[in-house]
Amino acid sequence: MKKTPLNATHHELGAKMVDFGGWEMPVQYSGILEEHEAVRTGAGLFDVSHMGEFTFRGPDALKMLQSTTCNDVSKIVDGRAQYNGLLYPTATFVDDLLVYKNADNDYFAVVNAGNIDKDFEWFSEVAKGMEVELVNRSDDYALLALQGPRSVELLQPHTDVELSPLKYYAFANGTVDGAKAILSRTGYTGEDGFEIFLDPGDAPRIMKKLIELGARPCGLGARDTLRLEAKMALYGNDIDHTTTPLEADLGWIVKLEKGEFNGRDVLQREKSEGPRRKLVGFEMVDRGIARHGYPVVDGSEEIGVVTSGTHSPTLKKALGLAYLPLDKSAPGTEFMVLIRGKETRARVVPTPFYKRAK
Amino acid sequence: MSIPLDSKYAKSHEYVHFDDKEGVGTIGITDYAQKELGDVVFVELPQVGTQLEAGDELGSIESVKAVSELFSPVSGEVVEINDALTDKPELVNTDPYGDGWMVRIRVTDPTEMDELLMNAEEYEEYIQTEAGH
């Protein structure tokens with residue numbers, strides 16, 4: 001199994017480790033509910049070093065990113081990041097990713113751990129004949145996510161980056177406790193916080209330092225419940241090579257007017273005709289938890305599928321995401337999920353399930 | 001890891017605490033099992049009066065992360081279920097052998113207790129082997 005630079009630290013801290021797509025990762029330390037609450041009310045710390053990092057440099061860097069993704073990369077200003085979709089010509093997802101702009105002709109991207117090789121091959125194919133140097137830097141960075149309302153207060157005394165003026169989805173180069181770092185005001189929890197790129201050698205010391213300052217170490221279990229409450233899509237669950245951004249209710253990252261890109265014609269058609277299905281948030285009406293892969297049925301007919309589902313620690317109820325036919329996707333619509341063979345009632349609700357107070 | 005000496009254990013990590021005067025067995029999941037599952041958020045139990053054979057599905061336990069089936073370690077009739085778990089499923093984590101019990105079964109054949117199940121010592125050995133796989 002692959003290990004992050006923080007693997008020994010997780011073992012030292014007594015984490016429960018699991019195989020996550022070929023990576024040995026902490027699923028929890030003290031317990032998912034406690035860790036979840038720490039992020040909603042204080043500060044939590046995640047090792048997300050398994051994520052991949054690519055750099056794109058050269059005169060065709062923008063052209064290449066524009067032709068492979070659906071959001072408008074030309075709109076990113078220096079020092080900002082953008083959520084985006086890397087698409088096949090079928091308009092379905094190769095991956096979802098964050099694109100960061102250092103300066104003109106100088107971008108980097110953060111991609112999902114399980115998709116690093118696939119994404120790199122996909123970009124490399126497009127890069128042929130273009131003036132862009134594409135480098136997979138995934139092994140050169142450790143990545144810590146400090147998340148929660150106390151993140152600024154906890155981190156500020158130990159970094160030379162002024163955090164308050166750093167806007168959501170902005171990033172800056174600096175140091176954390178003397179270690180060289182990129183601080184990005186992004187995350188996957190629905191809370192304020194920072195993703196901190198570090199040299200692998202510095203990561204264990206910085207992780208321990210942040211814990212000492214009051215951040216609670218959190219595992220992938222809490223990361224999943226947190227991102228689901230905030231309705232952030234998980235590749236492999238809610239989006240994959242069979243789903244388009246419009247089906248996934250990610251219309252806000254589809255910029256048809258930006259020019260030609262992979263899948264544009266499909267998305268244009270979907271936009272005018274309406275996608276045949278839509279990813280919606282739901283909560284359970286009957287008791288039970290509908291989980292990934294459970295079928296949505298109408299009598300004997302399978303009409304949809306649950307892509308994510310859990311017990312929400314913040315809202316204290318069972319909720320999830322499901323693909324439903326467009327005419328059954330309006331909030332308030334009830335539908336049936338098969339939970340271990342039993343028809344169980346659920347209801348479409350507005351999303352996100354949880355939104356932090358501004 | 002707590003493994004009370006006065007109970008018997010199934011490979012699927014349920015315990016039975018048998019009251020031989022009443023002929024009733026109290027069933028729940030072990031301390032080891034609750035730790036493996038993590039925070040329990042929902043327990044689905046059978047109705048009183050349900051007849052079960054040893055190995056039949058008894059219900060299910062949902063933790064935040066996953067769902068697990070619960071199996072009846074012995075044959076018998078369900079005479080009581082722990083209603084407290086409806087509002088406080090976390091009792092399974094905090095007190096698995098006490099307030100976190102799940103069902104009581106009138107045991108049809110008490111010899112199953114010895115034939116089908118492990119004692120505390122055997123169970124401890126079993127989970128060590130399983131944990132070390």
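Here is a short tour of the structure, stop by stop.

**Before you click.** This is a predicted model, where local features need pLDDT of at least 70, side-chain atom pairs count only at pLDDT 80 or more, and totals for chains, interfaces and linings use all residues. Residues are numbered from 1 along each chain as its sequence is written, while chains are lettered from A and ligands numbered from 1 in the order in which they are written.

**Stop 1: chain B.** For the complex, the predictor gives an ipTM of 0.79 and a pTM of 0.93.

**Stop 2: where the chains touch.** Residues are in contact if their C-beta atoms, placed from the backbone, lie within 7 Å. Here 13 residues come from chain A and nine residues from chain B. Select α2 (32-41), α7 (220-229) and β16 (301-312) of chain A: each supplies at least two residues of the side that touches chain B. Helices (H or I, at least four residues) and strands (E, at least two) are DSSP runs, numbered from the N terminus.

**Stop 3: a sheet in chain A.** Now show the open sheet of five strands, with the order β5-β6-β7-β4-β8 (chain A) and antiparallel pairing. Two strands pair if DSSP finds at least two bridges between them. Which strands stand at the edges? They are β5 (80-87) and β8 (133-136) of chain A, each with a single partner strand, so one side of each has no neighbour in the sheet. Next, pick β6 (residues 93-103) of chain A, which pairs with β5(A) over eight bridges in the antiparallel sense. Click A:Tyr100 in β6(A) to find the bridge partner of A:Ala81.

**Stop 4: two helices.** Select helix α3 (residues 61-68) of chain A, which packs on the sheet and touches β4 (52-57), β5, β6 and β7 (106-111) of chain A. Axes are lines fitted to C-alpha atoms, for helices over the stretch in contact, and angles run from 0 to 180 degrees between N-to-C directions. To finish, show A:Met64, A:Ser67 and A:Thr68 in α3(A), which meet A:Phe123, A:Val126 and A:Ala127 in α4(A).
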